[in-house]
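This report considers the confidence, overall architecture and charged side-chain pairs of the protein shown below.

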Amino acid sequence: MILDGGACGLGLESTVVDGLNEDGNLRVLRPGGITVEEMERVLKADMKERIPKVLVHRRDYRDAEMEMAPTTPGMKYRHYSPSVPVILLWTTSLPPEGTEPAPPGPFIASLKDRFTDLSRPLKIGILTPSDSALSAYPLPTDGIQWRIYPLGPTSDPSITAHRLFDGLLTLENEDVDLILIEEVKEENEGLAIMNRVRKAASENRWVRF
């Protein structure tokens, strides 16, 4: 089942849902423009007896067989990903056990170490909410040119959903060497945003600003 809530206009594809389960619950195979919260509100308003649960793939359940041989476009195909490296920055979520978040200074210094061409400044693009800790951090300009693409306030993930892919395309067209994307809270449209960002990112880093 594909639910289309004008998601293309938001920059996100449609939500893909599997409703053919013996337990009667709905399984979201690909989060999209129709959010989990919206589905839950409709179910609570319309269902008079048992209210189905809305389960999100990889968050609430795993299906190894389906992951090995996916049948839905929501899982078979990777969405647009830039040709330059993309790092997903986890700035508020807890890191995996054994991982210590890096301070911003050493992290930024490590970015410069990735590139050996010293004849020009390193160009780094940043996709970040306009009111996040990263957006307010004083970025060093020694040897780095920064291109900031704001994704809107953290309180309105629908703006981030609208700007995400335009931001990736814009930064790639500006010939940046690297793109950093800061995480957003996985609520409402944020769940679909992070689903797409994980697919675009080639690396995850935990940083505390």
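The term pLDDT denotes the predictor's confidence in each residue, on a scale from 0 to 100. The model is predicted, with a mean pLDDT of 85 and 87% of residues at 70 or more.

The protein contains 7 helices and 9 strands. Of its 209 residues, 43% are buried. Of the contacts between residues at least 6 apart in sequence, 64% join residues at least 24 apart. The accessible surface is about 11,400 Å², and carbon and sulfur atoms account for 53% of that area.

The model has 8 salt bridges, including those tabulated here.

| Salt bridge | Closest N and O atoms |
|---|---|
| R27 with D23 | 2.8 Å |
| R114 with E203 | 2.7 Å |
| R120 with D177 | 2.7 Å |

R120 is partly exposed at 39% relative accessibility, whereas D177 is buried at 12%. R114, E203 and R205 belong to one network, joined by salt bridges that share partners. R114 is partly exposed at 35% relative accessibility, as is E203 at 23%. R27 is buried, with a relative accessible area of 17%, while D23 is partly exposed at 35%.

Key
Residues are numbered from 1 along each chain as its sequence is written. This is a predicted model: local features need pLDDT of at least 70, side-chain atom pairs count only at pLDDT 80 or more; totals for chains, interfaces and linings use all residues. Side-chain values use heavy atoms; hydrogens and water are left out. Helices (H or I, at least four residues) and strands (E, at least two) are DSSP runs, numbered from the N terminus. Buried means under 20% relative accessible area, exposed over 50%, partly exposed in between (1.4 Å probe, protein chains only). Contact means heavy atoms within 4.5 Å. Accessible areas come from the Shrake-Rupley method with a 1.4 Å probe; for residues, only the protein chains shown count as cover. A salt bridge is a side-chain nitrogen of Lys or Arg within 4 Å of a carboxyl oxygen of Asp or Glu.
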